[in-house]
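Subject: Structure for you to look at

Hello,

Please find the structure below. Some notes on what was found in it follow.

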Amino acid sequence: MSLTKKRLFALLVVLTLMLGLFSGCVTQGRRNPTATIVFSNGVEITIRLYYDKAPNTVKNFISLAESGFYDGLSVHRVVKYNLIQMGDPNGDGTGGPGYYIKGEFPNNGYKKNDLSMTEGMVAMARFGSTDDDKTYYDTAGSQFFITVRDKSSSYDGDYAVFGKVISGLEEFEAMAEVEVDDNKRPLEEITIVSVTIETFGQSYGKPRTIAIKD
């Protein structure tokens with residue numbers, strides 16, 4: 001093989017390797033979607049959504065947000081130094097979107113989700129009298145809560161954690177100091193103005209749902 005042919009061959013090998021690496025980066029480089037929530041009191045937070053840890057939960061959240069489901073709903077539960085909950089169309093902790101989704105968390109047999117309930121984590125709320133009542137493990141719908149302190153020791157493994165606040169956490173946590181009534185509802189109403197989703201060009205489709213039995 002002549003020197004020129006050897007050089008051409010070497011160049012082709014290098015180009016092939018570079019193309020392979022680039023293709024791998026594109027394939028494996030899916031960016032996590034984000035959600036920006038604006039509240040009526042002026043607080044704005046951005047949440048990173050972990051599709052790789054809780055795919056159906058993230059699909060559900062994106063689908064509801066993009067449909068405008070959350071717009072105008074109230075923050076209906078504030079537990080001081082603990083959590084802030086929202087996403088209920090009834091405004092009292094009893095409502096949802098008309099269906100359930102499966103709980104993507106370890107104690108429900110879903111081992112892929114290893115996210116801890118540390119400060120600023122976002123998780124699906126669900127029905128039930130106690131945290132460990134398995135009868136209610138698959139009853140999440142639209143309600144979600146955000147921790148304002150590290151709650152990993154008491155909540156880990158029992159709720160589908162699917163996101164983390166990456167911007168605006170300090171201002172959001174100040175909302176946990178508002179005055180509430182006996183049902184933990186803020187005395188001065190706080191509502192969700194909008195939820196804007198950024199998918200970075202990815203399509204997530206509709207979630208798998210569970211029909212609610214009468």
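In strand 7, which residue is the bridge partner of Ala123? The partner is Phe145.

First, the basis. This is a predicted model, in which local features need pLDDT of at least 70 and side-chain atom pairs count only at pLDDT 80 or more, while totals for chains, interfaces and linings use all residues. Residues are numbered from 1 along each chain as its sequence is written, and side-chain values use heavy atoms, with hydrogens and water left out.

Helices (DSSP runs of H or I, at least four residues) and strands (runs of E, at least two) are numbered from the N terminus. Strands count as paired if DSSP finds at least two bridges between them. Strand 6 (residues 121–124) pairs in the antiparallel sense with strand 7 (residues 144–147) over 3 bridges. Strand 6 also pairs with strand 8 (residues 161–167), again antiparallel and over 3 bridges; there, Met121 has Lys164 as its bridge partner.

Both faces of strand 6 are covered, with Met121 and Ala123 buried on one side and Val122 and Met124 on the other. Buried means under 20% relative accessible area, with a 1.4 Å probe and protein chains only.

Helix 2 (residues 55–66) is largely enclosed by the rest of the structure, because 11 of its 12 residues are buried. Among them are Phe61, Ile62 and Leu64. After helix 2 comes Gly68, with a positive phi near 85 degrees.

Thr34, in strand 1 (residues 34–39), is buried at a relative accessible area of 14%. Beyond its neighbours within four places in sequence, Thr34 has contacts (heavy atoms within 4.5 Å) including Ile47, Leu49 and Phe200.

Regards

Key:
Buried < 20%, exposed > 50% of the residue type's maximum accessible area, 1.4 Å probe, protein only.
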